[in-house]
Amino acid sequence: MTREPMRDLEAARARLTIEWSDSRTSALMVRGRSRLRRRRRALGLALAVTAIALFAALGGRLAAGPGGVAIDRPHTRPQPQRMQPPLPMPASRQAPAGTPRAPAVTGFSVVAESRDADVRVRRSGRDAGAPASVDLVAGAARFEAVTASPRRLELRAGSVAITVQAWVFSASRAGDAIELAAVRGPVQVWVEGEEIVLVEGARRRFAPRQAPPARPRPRPSPAELASVDRLLTEVDAARAAGDPERAVMLLERVATEYARAPEAGLAAFTRGRILLEELGRPRLAASAFARAAELDSRGRLAEDALAHEVEAWHRAGDAAQARDRARAYLQRYPDGYRTERVRQLAGLP
Amino acid sequence: MTADLRVTSRLHDVAPRPSLAVALEPSLTDDIEDLFRCYAPYVARIGLRLLGRRDEVDDLVQDVFEAALLGLRQLRDREAVRPWLAAIAVRKARGQLRRRRLLRYLGFDRDEDYLEVADAGATPVERQLLAAVFRALDDMGADLRVAWSLRHLDGEDLQTIAELCCCSVSTIKRRVELAHALVMEKIRDDA
């Protein structure tokens with residue numbers, strides 16, 4: 001060491017390097033996501049337990065949710081502090097004589113609660129990893145988990161699809177909506193990525209999401225159209241010159257800076273195709289297709305963009321995202337011309 | 001759809017050419033994973049220089065990724081991604097240094113000679129100097145340590161450090177000067 005440690009330090013600090021690799025980043029990201037999931041699960045559980053404890057402490061009335069109906073509880077009984085297996089169904093709550101018997105679903109006992117009850121099994125639930133799935137075509141039915149832990153069930157009615165995890169709940173079809181009532185124990189419901197917890201006795205209606213009223217897109221100015229035209233000419237030149245990276249960059253400018261232009265949606269879509277097919281970057285491609293669907297939400301491009309987004313997630317190896325987007329596609333375009341392909345890519349039945 | 005048809009022909013009719021997949025700068029609308037993959041080595045470098053322990057860098061990078069996952073939607077400016085991640089890394093590292101100092105005070109922190117903090121290319125003199133510096137840094141509070149490390153180990157300017165540490169330039173200047181005197185004194189004692 002010299003007499004001037006700072007000068008030595010200037011040189012020595014260049015030796016403070018760390019070898020880093022993409023695989024190391026990937027491993028850390030997997031660990032990070034997994035830890036976040038665990039934290040969220042623990043938080044959800046803590047909230048549910050707190051809600052149950054509060055409910056037990058307050059007793060009486062409970063609002064069923066925003067805009068929901070307050071439910072009168074004629075009597076209060078001690079609430080369990082933790083989940084317990086369901087009690088046998090009282091005779092008074094059993095289905096009236098003559099009501100049709102609903103088909104059995106793995107893990108659940110299904111009892112029709114109305115004469116017109118029509119429950120059809122889409123997926124039995126015998127395969128591990130996929131919950132049972134039923135179509136509630138008409139009427140009302142009561143579902144009871146017949147296992148030691150609450151079971152998960154996918155419930156569909158028209159375009160509404162919810163996943164329920166519960167001990168005992170009742171579901172009825174009301175038009176295009178599902179009305180759910182938590183009969184015993186808390187009911188966890190997942191709908192369009194959102195998690196809702198219904199405490200025992202609560203009810204909630206799940207209706208198809210209303211599309212927001214269409215807003216006329218402001219017309220782009222002539223100057224903007226000219227800029228878009230110039231950018232697209234550059235895109236052509238870049239692709240002709242074998243420079244897809246530059247084409248992608250220019251297309252992104254069209255899609256973000258000139259979102260009002262009629263070409264914006266198609267520019268985002270084309271960007272996705274180049275990223276997917278020429279540059280092999282499926283994750284970026286997926287976000288580009290999502291942007292295309294957003295820009296052209298009412299046009300014919302949206303369906304194609306959503307289907308391509310499923311394919312991009314599939315190629316990225318993200319099966320969960322692919323399934324999620326595939327479900328969105330199938331819900332939005334049940335008779336779409338890419339239905340088969342989307343199901344196949346996402347591994348959906 | 002006239003305009004669309006015109007564009008369709010312009011955008012799709014050009015035959016795709018094979019090309020090298022050059023890494024593009026990810027935009028905010030893109031996946032956070034691509035963003036983070038781009039900046040993870042930078043975060044790791046900050047982590048090493050602030051913490052001085054290679055085995056703690058992975059945990060720091062993971063913490064920063066988690067914080068970024070939770071907060072990315074609040075970020076709107078593409079240019080801000082790098083400093084934003086750096087600010088998270090500094091905040092996390094400062095927390096870790098505080099925990100470490102508390103453990104040390106309670107007698108639970110391990111004795112570290114810091115001879116492994118320099119990479120394999122360091123000369124013995126450089127290795128000894130860096131070890132002495134990190135041992136000196138262990139004796140001071142997290143705020144002083146972070147300010148000095150960012151200035152003299154990472155080479156950041158005072159304005160940037162002030163932004164990363166969320167305090168004024170004059171505060172940073174004062175911290176760096178105070179920490180510098182302590183580090184120099186310790187190095188001279190070691191020599």
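Which residue in S7(A) is the bridge partner of Ala140(A)? In S7(A), that partner is Ser172(A).

## The model

This is a predicted model, where local features need pLDDT of at least 70 and side-chain atom pairs count only at pLDDT 80 or more, while totals for chains, interfaces and linings use all residues. Residues are numbered from 1 along each chain, chains are lettered from A in the order written, and side-chain values use heavy atoms, without hydrogens and water.

## A sheet in chain A

Five strands of chain A form an open sheet, in the order S1-S4-S7-S8-S11. Strands are DSSP runs of E with at least two residues, and helices are runs of H or I with at least four. Two strands pair if DSSP finds at least two bridges between them. The pairing here is antiparallel. S1 (108-112) and S11 (203-206) stand at the edges with a single partner strand each, so one side of each lacks a neighbour in the sheet.

Inside the sheet, S4 (residues 140-145) and S7 (residues 168-174) of chain A are joined by five bridges.

## A helix in chain A

Helix H2 of chain A covers residues 22-58, 37 residues in total.

## Nonpolar cores

A nonpolar core is a set of buried Ala, Val, Leu, Ile, Met, Phe, Trp, Tyr and Cys residues joined through side-chain atoms within 4.5 Å. The largest has 67 residues. Leu85(B), Trp148(B) and Val183(B) touch the most other members. Helix H2 (residues 32-51) of chain B gives the most to this core, eleven residues.

Note on methods
Expected span 1.5 Å × (residues − 1). Buried < 20%, exposed > 50% of the residue type's maximum accessible area, 1.4 Å probe, protein only.
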